Structures are given as structure tokens and as C-alpha cells.
Amino acid sequence: MNIRSVAAGDEAGAAVGRQERKRRKLYDQLYDTAVGLFVTRGFEATTMDQIAEAADVARATVFNHYAQKVGFLEEWGARRRARVAGILGAEHAENLPVDDRLHRYLKEMADLNIASRAETTVLMDASARYGRLLQDPSLEVELTRIVEEGRRRGEIRTGVDSDQAGALLAACYFSTVLRWIREEPAPFDLHQRLGGALDIILRGLLANCGDSSEP
């Protein structure tokens, strides 16, 4: 390969890189605009046309990046999970015992919800009403992975179905947060409710079953 071919390849690669950065920047701009409108106007009352107008782009541009309005809800959930994964990854939480790791995961999720209560109230409720909150397996898959790693290390009973445990933990998280967004924060401590529910799941209900190796 001659020098001219190498240079052409580098220029092509740089052009693709610039295009991807521009695409990602617009994707983020539309996301931020939409979330802001959802919080101030409500999810149902906000239209794709209003998102396009607020972002100063053509209506078709919005649909090119988000085919449906619920796509913003899915992106919201994905960003939260990614943020928590980044925090725990930086702390090397994968080295923690499985119970501590699950507690840390739910704590970080609770911290995000509490820090943005107005946003969480609107988007979590919309996800339950119009999105695929309880059908989307993303959180379930992440929690299942943590349980399975704990099972392989001998920290979880061998008879436990990791997939079922992950589904149970995800359902517990969603139901707790959905109750939280419908109540004032003072009588409902999200950290305490999530941590308490997790302890019940981890330890079980029956006093004489805690040490059993059978499901």
C-alpha cells in the first residue's frame, strides 16, 4: 500500500469519525430536549413535533433517531443502567460478595432516582404506562448476571435459578420505585425499602431454610 492510499484511508476514517460524532451529538441533543419537555409538559402531552421544534430540527430528523416517542423512555433507562455500571466498575464492585454487590447496585439506582425525583416520576410512570418497563429484560439480565456470578462462587444456593432470581429482583425494584414516585418522599425511604426488600429475597422468609442447599 502506498503513502497516498494510506492518507486516503486516514481521511476516510476521520470523516466517518466526524459523522459519528455529529450523529451522536444530535442524538444526545434530541434526548435532552425530549426529557426536558416530558418533565415540564408531561410525556403524553408532548409530541414529536414539539420535540423537533424545541430542538430546532426537522420532524423527520427526530424520527430518524427515535422511531417512536417511547424510544426516549428506553434510552432513559439504558443511560441510567450504564451510569450505575460505570460507577460500580470504577469501584471494582465485581469483587464484592454478591449480597454487597446487589445492595450497592440498588443503592446507586436509588441515588439516581432521588437526585432527579421530578424526572424519575414522569419517565418511570410513562415507562409503566406506555413503554415496556416490565417487559424489557435489560435490568433483569444485569441482575441475573450478578446472581449467576455469585452462584458460581458458591455464595448462592446451587438450586437457585439465576434467571428467575434476576426477574424477581428486577420486578421488586420496579414495583418499589413505582410506589415511591406516587408518594411524598418523607414517609417513604427508597433506600430503606429497596434494601429491606433485597434482604428478604436474599435470606428468604422461613427461619429454617436459610442454610438449605436445596431450592
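Student: What pattern does the chain follow, read along the sequence?
Tutor: In this predicted model, the chain reads α-α-α-α-α-α-α-α-α along its sequence, and the secondary structure comes to nine helices and zero strands.

Student: How much of it counts as buried?
Tutor: Of the 215 residues of the chain, 35% count as buried.

Student: And what share of the contacts comes from residues 24 or more positions apart?
Tutor: Taking the contacts in the chain with a separation of 6 or more, residues 24 or more positions apart account for 69% of them.

Student: Let's go to helix packing. How do α4 and α5 cross?
Tutor: Helix α4, which spans residues 70–90, and helix α5, which spans residues 98–115, have axes that come within 10 Å and cross at roughly 130°. The two helices are therefore oblique to each other, and α4 passes α5 in a right-handed crossing.

Student: Which residues make that contact?
Tutor: On the α4 side they are Arg 80, Arg 81, Arg 83, Val 84, Ile 87 and Leu 88, while α5 brings Arg 104, Tyr 105, Glu 108, Met 109, Leu 112 and Asn 113. Sorted by class, the contact of α4 with α5 has six nonpolar, one polar and five charged residues.

Student: What about α4 against α6, what's the angle there?
Tutor: Helix α6 covers residues 117–129, and α4 packs with α6 at an angle of about 120°, their axes being 10 Å apart. This pair is therefore oblique as well, and here α4 passes α6 in a left-handed crossing.

Student: Which side chains meet, and how do they split by class?
Tutor: Leu 73, Trp 76 and Arg 80 in α4 meet Glu 119, Thr 120, Leu 123, Met 124, Ala 126 and Ser 127 in α6. By class, the contact of α4 with α6 has five nonpolar, two polar and two charged residues. Arg 80 is listed for α4 here, and Arg 80 is also listed in the contact with α5.

Student: Staying in α4, is Glu 75 buried or exposed?
Tutor: Glu 75, which is found in helix α4, has a relative accessibility of 13% and therefore counts as buried, the cut-off being under 20%.

Student: What is Glu 75 in contact with?
Tutor: Leaving aside its neighbours within four places in sequence, Glu 75 is in contact with Arg 24, Tyr 27, Tyr 31 and Tyr 66. For one of these, Tyr 31, the separation from Glu 75 is 44 residues in sequence and 8.0 Å in space, taken C-alpha to C-alpha.

Student: Switching to rings: how many aromatic pairs are there?
Tutor: The structure holds six aromatic pairs. One of them, formed by Phe 43 and Tyr 130, is stacked, at 5.6 Å centre to centre with 25° between the planes.

Student: Where do those two sit in the chain?
Tutor: Phe 43 lies in the loop between α1 (3–41) and α2 (48–55), and Tyr 130 lies in the loop between α6 and α7 (138–152), so that the pair links distant parts of the chain, 87 residues apart.

Student: Which of the two is buried?
Tutor: Phe 43 counts as buried at 7% relative accessibility, whereas Tyr 130 is partly exposed, with a relative accessible area of 38%.

Student: And how are Tyr 66 and Phe 72 arranged?
Tutor: Tyr 66 and Phe 72 form a stacked pair, with 3.9 Å centre to centre and 20° between the planes. Tyr 66 counts as buried at 2% relative accessibility, and Phe 72 is buried too, with a relative accessible area of 0%.

Student: Which residues do ring pairs link into a cluster?
Tutor: The cluster is made of Tyr 27, Phe 38, Phe 43, Tyr 66, Phe 72 and Tyr 130. Among them, Tyr 27 and Tyr 66 are also in contact with Glu 75.

Note on methods: Residues numbered from 1 in each chain as written. Predicted model: local features only at pLDDT ≥ 70, side-chain atom pairs only at ≥ 80, totals over all residues. Heavy atoms only, no water. Axes fitted to C-alpha atoms, helices over the stretch in contact; angles between N-to-C directions. Helix = DSSP H or I, 4+ residues; strand = E, 2+ residues; numbered from the N terminus. Parallel < 35°, antiparallel > 145°, perpendicular 65-115°, else oblique. Left-handed = near helix turned anticlockwise from the far one by under 90°. Contact = heavy atoms within 4.5 Å. Nonpolar A, V, L, I, M, F, W, Y, C, P; charged D, E, K, R; others polar. Buried < 20%, exposed > 50% of the residue type's maximum accessible area, 1.4 Å probe, protein only. Phe/Tyr/Trp six-rings, centres within 6.5 Å; stacked < 30°, edge-to-face > 60°.
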